[in-house]
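Colleague: I would like to learn how to read the features of a structure like this one. Please give the general idea each time, then the case.

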Amino acid sequence: MNIHEKYMRRCIQLAKNGLGTTAPNPMVGCVIVHQGKIIGEGFTSPYGGPHAEVNAINSVKEPSLLKNSQLYVSLEPCSHFGKTPPCSDLIISKKIPMVIIGIVDSHSKVAGKGIEKMKHEGINVITGILQEECYQINKRFFTFHNKKRPYVILKWAQTKDGFLAPLHKDVNSPFWISNQYSRQLTHKWRSEEMAILVGGKTIIDDNPSLTTRDYYGKNPIRIIFKNSQHLSKKFKIFENADETIFVEKLVDGTNEDQIQHLLQSINKEEIISIIVEGGLKTLNLFLNSGVWDEARIFVGNSFLDKGLPAPELELPTYKMEKILNDQLYVLTNND
């Protein structure tokens, strides 16, 4: 294995520790190596806290070794003042002679400026080490800054014969298709994304909490995309203080119009990822407009014969796994 790839893989491992806590900042891992030995490691703290490079440098027990060390980092060090000072300035001040970077930051406030600043100070900078892997761990961040929209994950559960729910069911309660382990996994996913989105009809029909109650982790911001109907305070989404954003649908407009209106309405919140959990009209709105990145589909071990049909999606399966008697299909949209 290439020695740079070896240490960059460790950076990627470290970066994943920040999933669900760093947004809207990226997840970054950093490793400091002296004479073939790791002497410091760090990953990005929860949003507003120190970046990976700061944590790695602060973890080094003998700071004098930094002048003869290499710093590996999965994403280009920042060069601007945000919640914290620029990491590139810190690296320069510690006189670290060599920096190896996984991928260049496409954020307009960075975009090569950190690299340029370090090179100007005589630091040997190498880029493009495991670039694709480094992109994947920050696909949410890159989608937000490159496409000017959140990374969109669609999620639903359907029966083996392709239905989301029976035609008639008890109002204000969910109809479970997937098993309890699949539902717990869904709550884990919620903790990893900035926001969860459903349509107003889902609130009325299922009365969901849209929380991570079956998994330890933060609750996502709740986005309710609804018609002009008033939602009573009796619904569970009003029972706690978690942030909830209500966006009213356009009276008229194509799928693309509705999606652009929705995304523009939440853009100021800097939401870099959303998981869309229904209902059918809301899911189809994203599918028909082509504005989505992943679909995660549970197929339960049950049949309905007739009911509300699940969305139709014909793309190569990216991944399939079994969760007891459920099957989980994960598909990606490369448009």
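Modeller: Start with pairing: two strands pair if DSSP finds at least two bridges between them. Helices (H or I, at least four residues) and strands (E, at least two) are DSSP runs, numbered from the N terminus. This is a predicted model, in which local features need pLDDT of at least 70 and side-chain atom pairs count only at pLDDT 80 or more, while totals for chains, interfaces and linings use all residues. Residues are numbered from 1 along each chain as its sequence is written, and side-chain values use heavy atoms, with hydrogens and water left out.

Colleague: In which sense do S12 and S15 pair, and over how many bridges?

Modeller: Strands of a sheet pair through backbone hydrogen bonds, either parallel or antiparallel. S12 and S15 are antiparallel, with six bridges. Across that pairing, Arg296 stands opposite Val330 in S15.

Colleague: What do S14 and S15 form?

Modeller: They form a hairpin, with two residues between the strands. Leu324, in the turn, has a positive phi of about 55°. S14 and S15 are joined in the antiparallel sense by five bridges, and Ile323 is opposite Asp326 in S15.

Colleague: What is the order of the five strands in the open sheet?

Modeller: The order is S2-S1-S3-S4-S5, and the pairing is mixed. Strand S2 (37–43) and strand S5 (124–126) are the edge strands, each pairing on one side only. From one strand to the next, the twist averages 15°. Inside the sheet, strand S1 (residues 29–34) and strand S3 (residues 70–75) run antiparallel and are joined by four bridges. Val31 has Tyr72 in S3 as its bridge partner.

Colleague: Which helix lies across S1, S2 and S3?

Modeller: Helix H2 (residues 52–59) does, running at about 140° to S2. Axes are lines fitted to C-alpha atoms, for helices over the stretch in contact, and angles run from 0 to 180 degrees between N-to-C directions. Contact means heavy atoms within 4.5 Å.

Colleague: At roughly what angle do the axes of H9 and H10 cross?

Modeller: The axes of helix H9 (residues 255–267) and H10 cross at roughly 105° and come within 9 Å. Angles under 35 degrees count as roughly parallel, over 145 as roughly antiparallel, 65 to 115 as roughly perpendicular and the rest as oblique. H9 and H10 are therefore roughly perpendicular to each other. Ile259 and Leu262 are among the H9 residues that meet H10, where Leu285 and Phe286 are among the partners.

Colleague: What volume does the largest pocket have?

Modeller: On a 1 Å grid over the protein atoms alone, a pocket is an open set of points where a 1.4 Å probe fits, with protein on both sides within 12 Å along at least five of seven lines; lining residues have an atom within 4 Å of a point. Grid points are joined across faces, edges and corners, and a volume is the space filled by probe spheres set on the points. For the largest pocket the volume is about 1200 Å³. It has 47 lining residues, and Thr202, Asp206, Glu277, Gly278 and Gly279 are the closest to its centre. H8 gives the most to this lining, five residues.

Colleague: How many residues line the second largest pocket?

Modeller: The second largest pocket, with a volume of about 820 Å³, is lined by 31 residues. Gln136, Lys139, Tyr151, Glu294 and Tyr318 lie nearest its centre. H6 supplies the largest share of the lining, six residues.
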